[in-house]
Amino acid sequence: SKLPQIEDNGGRYRESNIEKDALKIFSNHGANLIRLRLWHSTSDNYVNLNKTQILAKRADSLGMKFLLDFHYSDTWADPSHQTKPTAWNSLGFEELKDSVYQYSYNVLSALKKQNTIPTIIQIGNEINCGMLWGDGNVCGSRNTDAQWYKLSALLNSGINGVKDALDTKDSSKIMIHYSE
């Protein structure tokens with residue numbers, strides 16, 4: 001996911017001291033799938049939909065598949081950080097569910113339009129304690145039936161957005177990522 005940023009800042013990859021495309025090196029050594037993180041809005045113009053589309057095309061041109069990892073955050077989402085995108089901070093729960101659906105749908109529609117449908121689509125990243133905190137937080141004092149309902153509703157909004165953007169003939173798998 002950070003490959004474009006590394007390249008834009010002068011990073012180069014070599015095999016046998018010959019400069020080559022990093023994805024080509026990976027492909028030449030048996031890698032057949034790459035994992036691409038996707039952040040909602042980034043301050044540095046990386047790990048966004050545009051860069052994800054570019055990397056997906058590069059991978060596809062090498063015969064590689066990709067796993068799309070929705071973080072549903074503007075930065076890293078992990079077991080101790082599941083911060084909502086800034087654009088979604090003031091939304092009520094119903095609006096948040098709709099935003100998750102629309103965002104997921106729009107991302108998959110854009111990837112489908114360029115014919116780079118992910119092989120695997122990861123709804124949330126390392127969601128041990130949920131996602132999109134505080135609405136989807138299920139740890140500690142928030143480990144309640146009501147909070148689990150909210151997390152389930154948010155996950156289903158993402159899943160439904162993905163499914164609605166794809167055709168029945170598309171064969172993407174949906175994955176939930178628990179970090180343990």
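Predicted model: local features only at pLDDT ≥ 70, side-chain atom pairs only at ≥ 80, totals over all residues.
Reader: Which class applies to C129, buried or exposed?
Author: Buried residues have under 20% relative accessible area. The relative accessibility of C129 is 16%, and therefore C129 counts as buried.

Reader: How far apart are the sulfur atoms of C129 and C139?
Author: A search of the whole structure finds 1 disulfide. A disulfide requires two cysteine sulfur atoms within 2.5 Å. C129 and C139 form such a link, and the distance between their sulfur atoms is 1.9 Å.

Reader: What is the handedness of the link between C129 and C139?
Author: Both C129 and C139 belong to the loop between β5 (120–123) and α5 (145–165), 10 residues apart. The angle about their S-S bond is -85 degrees, and the link is left-handed.

Reader: Which strands stand at the edges of the sheet, and why is one side of each left without a neighbour?
Author: The open sheet has 4 strands in the order β3-β4-β5-β6, with parallel pairing. An edge strand has a single partner strand, so one of its sides lacks a neighbour in the sheet; the strands in that position are β3 and β6 (173–175).

Reader: Which residue in β6 stands opposite I121?
Author: β5 and β6 run parallel and are joined by 3 bridges. Opposite I121, the residue in β6 is I174.

Reader: What angle does α5 make with β5?
Author: α4 packs on the sheet through β3, β4 and β5, and its direction makes about 160 degrees with that of β4. α5 lies across β4, β5 and β6, and its angle to β5 is about 155 degrees.

Reader: Which residue caps the N-terminal end of α3?
Author: At the other end, α3 is followed by G63, whose phi is positive, near 80 degrees. At the N-terminal end, a side-chain oxygen lies 3.3 Å from the backbone nitrogen of N50, and the capping residue is N48.

Notes:
Residues numbered from 1 in each chain as written. Heavy atoms only, no water. Polar contact = N/O pair within 3.5 Å; in protein donor to acceptor, adjacent residues only side chain to side chain. Helix = DSSP H or I, 4+ residues; strand = E, 2+ residues; numbered from the N terminus. Buried < 20%, exposed > 50% of the residue type's maximum accessible area, 1.4 Å probe, protein only. Pairing = 2+ DSSP bridges. Contact = heavy atoms within 4.5 Å. Axes fitted to C-alpha atoms, helices over the stretch in contact; angles between N-to-C directions.
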